[in-house]
Number of protein chains: 4
Amino acid sequence: MSEKVGFVTMGQVEAAGEAPEIGVGMLGYAFMGKAHTNAYKTMPYMMYPPPAVPRLVAIAGRNEAAVAEAARRYGYEKYYTDWRDLVADPAIQVVDNGLPNNLHAEPSIAAAKAGKHIFCEKPLARTAQEAKQMLDAVNAAGVKHMVAFNYRFVPAIRLARDMVQGGELGEIYHFRAVYLQEWIMDPDFELVWRLQGDVAGSGALGDLGAHIIDLGRFIVGEPARVGGLLKTFITDRPGSNGQRQKVTVDDAFEAWVEFDNGAIGTLEATRFAKGRKNGMVFEVNGAKGSLRFNLERFNELEVHLPGNQPQAIQPGFTNVLVSEAYHPFWKHWWPHGHIIGWEHTFVHEVHHLLDAIVHNTDIAPYGATFEDGYKNNVIMDAITQASAEGKRVDVRY
Amino acid sequence: MSEKVGFVTMGQVEAAGEAPEIGVGMLGYAFMGKAHTNAYKTMPYMMYPPPAVPRLVAIAGRNEAAVAEAARRYGYEKYYTDWRDLVADPAIQVVDNGLPNNLHAEPSIAAAKAGKHIFCEKPLARTAQEAKQMLDAVNAAGVKHMVAFNYRFVPAIRLARDMVQGGELGEIYHFRAVYLQEWIMDPDFELVWRLQGDVAGSGALGDLGAHIIDLGRFIVGEPARVGGLLKTFITDRPGSNGQRQKVTVDDAFEAWVEFDNGAIGTLEATRFAKGRKNGMVFEVNGAKGSLRFNLERFNELEVHLPGNQPQAIQPGFTNVLVSEAYHPFWKHWWPHGHIIGWEHTFVHEVHHLLDAIVHNTDIAPYGATFEDGYKNNVIMDAITQASAEGKRVDVRY
Amino acid sequence: MSEKVGFVTMGQVEAAGEAPEIGVGMLGYAFMGKAHTNAYKTMPYMMYPPPAVPRLVAIAGRNEAAVAEAARRYGYEKYYTDWRDLVADPAIQVVDNGLPNNLHAEPSIAAAKAGKHIFCEKPLARTAQEAKQMLDAVNAAGVKHMVAFNYRFVPAIRLARDMVQGGELGEIYHFRAVYLQEWIMDPDFELVWRLQGDVAGSGALGDLGAHIIDLGRFIVGEPARVGGLLKTFITDRPGSNGQRQKVTVDDAFEAWVEFDNGAIGTLEATRFAKGRKNGMVFEVNGAKGSLRFNLERFNELEVHLPGNQPQAIQPGFTNVLVSEAYHPFWKHWWPHGHIIGWEHTFVHEVHHLLDAIVHNTDIAPYGATFEDGYKNNVIMDAITQASAEGKRVDVRY
Amino acid sequence: MSEKVGFVTMGQVEAAGEAPEIGVGMLGYAFMGKAHTNAYKTMPYMMYPPPAVPRLVAIAGRNEAAVAEAARRYGYEKYYTDWRDLVADPAIQVVDNGLPNNLHAEPSIAAAKAGKHIFCEKPLARTAQEAKQMLDAVNAAGVKHMVAFNYRFVPAIRLARDMVQGGELGEIYHFRAVYLQEWIMDPDFELVWRLQGDVAGSGALGDLGAHIIDLGRFIVGEPARVGGLLKTFITDRPGSNGQRQKVTVDDAFEAWVEFDNGAIGTLEATRFAKGRKNGMVFEVNGAKGSLRFNLERFNELEVHLPGNQPQAIQPGFTNVLVSEAYHPFWKHWWPHGHIIGWEHTFVHEVHHLLDAIVHNTDIAPYGATFEDGYKNNVIMDAITQASAEGKRVDVRY
């Protein structure tokens, strides 16, 4: 051959940038299993050089055929049909818990006791009490712990947080947020686990509301008190046995909130907003400016910051395509305007977790810890209590 | 001259279409005086043939120089510096009350006793109790009564109401509405009457919240119970004497609401939403479809009605420019796409009032009566009580 | 009565602010007759104090019943069925020509010879040659002359012009504009005058293209050369006799343009853009910023001016609601966010005309003179020639 | 362990679904190398089961340190510093050419002669003549050939094509498209290869215009004739030697186009549209409906299809979030509303290529073949000629 030829092996690639290998064990292979696994596989070459290279050691699930197929599909070395085996696997340093909510506590606590770092889907638990046990466990074990509040890793949302926390909006007066979906509006939609109170803990509140509550804390600060109501529009649905069974979670909730810093606002989540697919929308109003975000327009942040602008344009909101090299996370991606998608939040989040493990830095404040997860559950419990008792409830961690 | 020449007089124009003349007396010459007067002057030739031709008999205001100038500017035949004189004027059949809120009850009740029809600015009163007295007075007098909830006369909102009431959206699950402004955010903005509790009754609640509460009732139905909080961010401001004085109204309120028909939602109004000029935005979600409206995009209604559409486009919201000849009010205006503005709501509203007077038809349900105004005050009082007592409050008319 | 009562008469109102009365004669009572008349009636009290108070002396039209009705409806003192009589009426100082295009030249020239100021609908003429005769006539007569390029009087467009001409965008590289409508797409839509070449001169080019050509000149500067094509999609249509007749105008045109200052762009107008009601959209790109406007969102201007903004928001376009008191024309209207509509362009335009007459100031550069109208026709002729001959054509006035 | 444990190897994963392995050789490691490689790595588990599993055999580039790093980063087994060595590698079945435009022809022709399938970046060549040689070579070799017009693989664009070709819009009247960027507006931006005529062939025309020309052909049909102009705003720039050198490509072009089927429209591409990052926007107007797309809102398609809708909403455009399981490509991704990004076009495209190779199906019509690439070059040459000669030019393949 006329010029130099070089050979590299897969192993050499893994060693890129002196990055250590970290063994990952995945609990669950459905929606979140797919999203998280994609992140582990993509992060090392997209956010390059990576802090560590995830080694996909094992995936666990109860259906052997399905979990075996998932292992083949995604390239996990092994599969387990019992999560306990995965947690016990010495090659695994990070346990990623994408199981239903009722399986967040026990495996996570077991993993902590086994000295594994833990990345757990949200909501952290079904109740604040359950979450507290998980928090105590990870604190006792001294492992890294992160809750998958992945929207903290949307570039536009990180930018929003940085602007608010950096004081660019001045004193904050309002935070209003909704999370609107429509996927269970058919009264004959079956009673999946997300509609069963003993499994899910709550309905729209824990599934969707948890996200906007977390973003309120991430961007604005701690809530002080709340009022609100939960509602179930369709009270029975077909169960797995074909019989209609009672729905034991909320279909929607509405709440007002007052923050410690004096800001006030509304929170709402529903699965009965016809036409709204993934409609998480929030707005922050401060003394000097405002921000708006819509998850369905993931790459955009609307910013009103009249301060330095020419008078003619001071009244407006600027629609910022958050895709400049200087924007959060963007240096790892494409030329501006070549937008990224929902799945990439997990790529950023996994990077954050592995970086914290390798360099022993804090997950907080950019990542959500189990402490954030616990506080999230406290707030959800307060809204539930406010609804049940018809009164406002103070948030007490 | 080579062809026929015809002469008409102003008088003949007034007589157009056999329309009777109705004498109007205007209380107040500021913002609302200008908007209402423009409606009286424009309606007869734009919504042609008119049910009646308004005769601008008199305008009243306390500042003689100002009211005299207003009379000249707008073409009122007379001016008064005491509203009692205007109410007593026998040439006047309609008293239009655009005065501050503390001057809604007494002049309106006096006008009713004098047998005048009444068109009163919103909120109808400072409290439900005060509103009830006004309602009783007009009922006793048997005059026509309308509250200036002019947004009922936005073409897109009338269309929204007709769609919801016509069942096109099916059962309604959600109504969420905000009214966001920014005009008093400067802590040195003076303590105008709208910030004085004894004059205005309330702040953002009565000024802005009244509108979205009315639209909730107009579009969705009667509220059953509410929870919420009122907040004053800037607690003192410069008074007319230059000294800082206590602000005695709310700067913003947040509320949740449950309707009689089971729909739930949030209500919010604020004057502290930086960047938001006149941001009244609402959304309705029903079993079969959804609607969204933004007052700053007055001529548009976003509609999600997947029912009959090709599958490919079923997920979306259709942005409807409400300007076809078959849309509400539009036959009176321009070719489609030649949009109208905020002021035209009053043109439609005045047409509705005069039509009801001339043909002795009902103001309700399209116009807001004093009964609507009273119920509006009841709901505002309930929100205020919920805030004060930290509990949910049933709406009882 | 307890306080002072003042009486004013209609006559006193007319004399408001020492404003002189100017007699107006209107040619035509259809779409444009309605829009112009509304402007004459509204301007004196909305843009107060007015430079002059229009006196609606006479309206002319060939159908006596219709024109008599129009006179009654709008309050004209007289009607004529021959435009020559109106032009000869000594009480008339301004002739407003809202007739079809083939009746622009003769009445306007006659009016000029009679010493009347002239306000003529666009396009000024059917050809540049015809327009030149009109320009020569008004110049010889020394009267004021204005062509109804009313979009120059949209607040957002005036702001755009001021920003570009003030250098805020730096050197201009691009101007692209479309005017998209859909109203003749039905092949059985009849052959109205706007589809007859001998009456209209051209089709989409003269009706819609004239507007965007004017805005290109108003905002960016003089075109140097053009290329393009005209197209007629439906070549015959039902005539007034029920027989299908040949369509003798274009249904659409496409063009590229190069300006004297080096900017380049595209121009397009069509009546075959399904779903587009009144879709005039343009964008200007300069070295330092950009502007976008959409007539269906009349009150908004999108502005990209990164210069002084915080880095985070530099990439974006700011959606400016052009409704602040400091924005063009806005001090005459409402609080910000209370939007105005299409019809108000004429209110502003009539104010400009009467102001120029009373104070003997120039119509140009903010209003379009007959010279602007003539140049507009020259450019349209150049595009037509470019299409016919398949080559680029220099613009030579 | 308490339950079954399964072990899989990476090799077993590669064999998933009986998918064969296909060896890929990548030419170039910059922007397009990253995007294409990501697609090869992601496709097998996201679009599962894959038609084939790409084996990343080798990557080539002239800078050894850089190409070695790229190989490690992305997991290529080998690197080459001479493309000829990569083309000769027997383990490679697909040559992916992401080199600058002047290196499209020779390596692609060599690869064809070596019996490799070829995936070449766009524009296919610098001129139609060069493209024809490439087309002849792949035809002679009988290999699969695809040009990376990746926007054909945007879900919303595939949907647009299917709707238009399926007749849902009826006869097409208009296609207008722009591709607006801003990245070379600084006069001191250096003379990179994309600004050198001998390397790039053309500027905005070939880089951006090629895409919209391809989409015009993909969605609407073959162009019949064009007119237009090319323009270079900044005529010299700093070269690699620090001296200012002549810019030998266009900064922007404007064109009109008439299609064989009678549709007409405009085409424009520029790198001088301040504020526009990746602004590819097109609109199609047909007799029965219209479509609009904006690349910066990648997941949305605006559709006007009034046919079956309730009258009230017929006027509007429906903003469709193209993310339902039944939408093109979407079954491979996430729940609706969880949007994807620009990079995923390549994932779809690589799937299409490998599927065609494995099942010996046609690249056309959904993928762009070298024949499409050649025709694209013919049209670009016609626009260039039209500009140079100031006349319209027929498109002759």
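Student: Leaving aside its neighbours within four places in sequence, which residues is Arg217(A) in contact with?
Tutor: In this predicted model, Arg217(A) is in contact with Glu222(A), Asp372(A) and Lys375(A) once those sequence neighbours are set aside. The residue itself belongs to helix H9 of chain A, residues 204-219.

Student: Why does Asn360(C) count as exposed, and where does the residue lie?
Tutor: A residue is exposed if 12 or fewer other C-beta atoms lie within 10 Å of its own; Asn360(C) has 8, and therefore counts as exposed. Asn360(C) lies in the loop between H10 and helix H11 (370-389) of chain C.

Student: What makes the phi of Asn360(C) worth a remark?
Tutor: Most residues other than glycine have a negative phi. Asn360(C), a residue other than glycine, has a positive phi, near 50 degrees. Phe329(C) also has a positive value, with phi near 70 degrees, and is found in the loop between strand S17 (317-321) and helix H10 (344-359) of chain C.

Student: What makes the peptide bond from Ala364(A) to Pro365(A) cis?
Tutor: The bond has omega near 0 degrees and is cis, whereas most peptide bonds are trans. Pro365(A) is placed in the loop between helix H10 (344-359) and helix H11 (370-389) of chain A. In chain B, the bond from Tyr48(B) to Pro49(B) is likewise cis, with omega near -5 degrees, and Pro49(B) sits in the loop between helix H2 (31-46) and strand S3 (53-60).

Student: How is chain A divided into domains, and how many residues does each contribute to the contact?
Tutor: Chain A is divided into domain 1 (10-150) and domain 2 (151-394), and the contact takes 39 residues from domain 1 and 41 residues from domain 2. On the side of domain 1 that touches domain 2, the largest share, eight residues, comes from H2(A). By class, that side of domain 1 has 26 nonpolar, nine polar and four charged residues.

Methods: Residues are numbered from 1 along each chain as its sequence is written. Chains are lettered from A and ligands numbered from 1 in the order in which they are written. This is a predicted model: local features need pLDDT of at least 70, side-chain atom pairs count only at pLDDT 80 or more; totals for chains, interfaces and linings use all residues. Helices (H or I, at least four residues) and strands (E, at least two) are DSSP runs, numbered from the N terminus. Two residues are in contact if their C-beta atoms, placed from the backbone, lie within 7 Å. A residue is buried if 20 or more other C-beta atoms lie within 10 Å of its own, exposed if 12 or fewer, and partly exposed in between; C-beta atoms are placed from the backbone. Domain bounds come from an automatic or database domain assignment. Ala, Val, Leu, Ile, Met, Phe, Trp, Tyr, Cys and Pro count as nonpolar, Asp, Glu, Lys and Arg as charged, and the others, Gly among them, as polar.
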